[in-house]
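Q: I'd like to learn how to read charged pairs and nonpolar cores in a model. Could you walk me through it?

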Amino acid sequence: MLAAATIAAGCASDDLAPSIWPPPDFVCIVEELQETDGLVQVVRRFRIGADGIVVHARAAAPLVDAETGTMLPVWDRVSAYRLVPSSLRAFARRLDRLGIGEMDITQGERRSDSKQAVSINWTAFGAQRRVFARGRVFGPMADVLATVMAHLPDGERLAVPGLEGRPIVPVLRGVPKPVADVDGALRLHQQLLEDRPEDTELLLATFALACRAGRRELAQGLAQRWLEVEQKLRAEASSGAFPDGGDLLLVEVGVLQRLLPPPAAVTPSADGADDVGGR
């Protein structure tokens with residue numbers, strides 16, 4: 001579906017010779033992290049898969065479970081767009097040639113006390129790599145992040161030390177302005193989830209937006225879907241399989257239940273009957 005996405009072209013022609021790039025399992029996820037009051041919050045997320053669809057999102061205030069401290073980002077500023085095959089291929093090959101699949105998993109300044117950090121999750125040809133950088137980046141890591149920034153919407157930059165003065169040449173055209181309100185971001189996430197119902201991280205992101213929007217009934221339905229995901233992950237873990245999808249997949253359904261918005265208020269009407277407020 002993806003009605004809010006447009007095609008972003010990286011070159012004039014898209015007639016491609018056969019290539020191994022991108023492989024069917026290709027995924028690249030870049031997250032910008034910010035530490036505030038001892039808590040690490042994901043404030044930006046860039047995800048691109050083998051279908052060429054990019055979801056770039058920013059979050060301000062997360063949902064926080066008081067009992068466990070679990071935080072769910074609320075992606076209330078989001079863009080979704082698709083790279084044409086030539087641009088997608090160039091992106092994947094560029095990062096591979098920079099050594100993303102083999103580079104040291106710890107980058108940046110080893111003794112940095114910076115409150116900002118960035119992580120990259122890379123999957124290709126059945127192999128996975130997670131790279132984490134804190135403080136100033138340099139060398140191939142800086143080149144990787146510069147390549148990512150060239151594929152961000154207009155005006156968006158990673159706030160990573162070491163990239164401040166680096167010139168970035170955007171490769172996108174026709175990308176829509178970000179949806180910058182909770183209700184609009186929720187609608188876009190619902191569209192994305194309809195197209196990718198098996199995307200567990202997208203399911204959690206849609207749940208968080210539904211909670212922030214006060215949509216309790218919708219959020220309850222998403223929490224029920226998450227319960228099925230959690231049961232599947234537990235079964236995989238007990239069989240020795242490695243659950244895919246990152247740290248968010250450790251969220252228990254009880255956390256989601258505590259994060260649900262309150263029921264709609266009931267107020268008396270003029271004729272003595274009760275009216276149900278809210279949405």
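A: Let's start with a cut-off: a residue counts as buried when its relative accessible area is under 20%, and as exposed when that area is over 50%. Keep in mind that this is a predicted model.

Q: Is Arg-45 buried or exposed?

A: With a relative accessible area of 14%, Arg-45 is buried.

Q: What does the side chain of Arg-45 meet in a salt bridge?

A: The general idea first: side chains of opposite charge can pair when their charged atoms come close. Here, Arg-45 and Glu-31 form a salt bridge, at 2.9 Å from N to O. Arg-45 sits in strand 3 (residues 39-49) and Glu-31 in strand 2 (residues 27-36), so the bridge ties together parts that are 14 residues apart in sequence. Glu-31 is buried too, at 13% relative accessible area.

Arg-45 also makes a salt bridge with Glu-201, at 2.3 Å from N to O. Glu-201 belongs to helix 4 (residues 200-212) while Arg-45 is in strand 3, so this pair ties together parts 156 residues apart in sequence. Glu-201, at 12% relative accessibility, is buried as well.

Q: How many salt bridges does the structure hold?

A: Twelve. Another of these pairs is Arg-136 with Glu-164, at 3.6 Å from N to O. Arg-136 is in the loop between strand 10 (127-134) and helix 2 (139-149), and Glu-164 is in the loop between helix 2 and helix 3 (182-195), so the pair ties together parts that are 28 residues apart in sequence. Arg-136 is partly exposed, with a relative accessible area of 40%.

Q: Okay, on to the nonpolar side. Which residues have the most contacts inside the largest nonpolar core?

A: As a rule, nonpolar side chains in soluble globular proteins tend to be buried together. In this model, the largest nonpolar core has 40 residues, and those with the most contacts inside it are Leu-63, Leu-72, Phe-207, Trp-226, Val-251 and Leu-256. At least two residues of this core come from each of strand 4 (53-58), strand 7 (77-83), helix 3, helix 4, helix 5 (216-238) and helix 6 (253-259). Helix 4 gives the most, with nine residues.

Q: What does the second core include?

A: That one is separate and has 34 residues, among them Phe-91, Val-118, Val-148 and Val-160.

How values were computed:
Residues are numbered from 1 along each chain as its sequence is written. This is a predicted model: local features need pLDDT of at least 70, side-chain atom pairs count only at pLDDT 80 or more; totals for chains, interfaces and linings use all residues. Side-chain values use heavy atoms; hydrogens and water are left out. A salt bridge is a side-chain nitrogen of Lys or Arg within 4 Å of a carboxyl oxygen of Asp or Glu. Helices (H or I, at least four residues) and strands (E, at least two) are DSSP runs, numbered from the N terminus. Buried means under 20% relative accessible area, exposed over 50%, partly exposed in between (1.4 Å probe, protein chains only). A nonpolar core is a set of buried Ala, Val, Leu, Ile, Met, Phe, Trp, Tyr and Cys residues joined through side-chain atoms within 4.5 Å.
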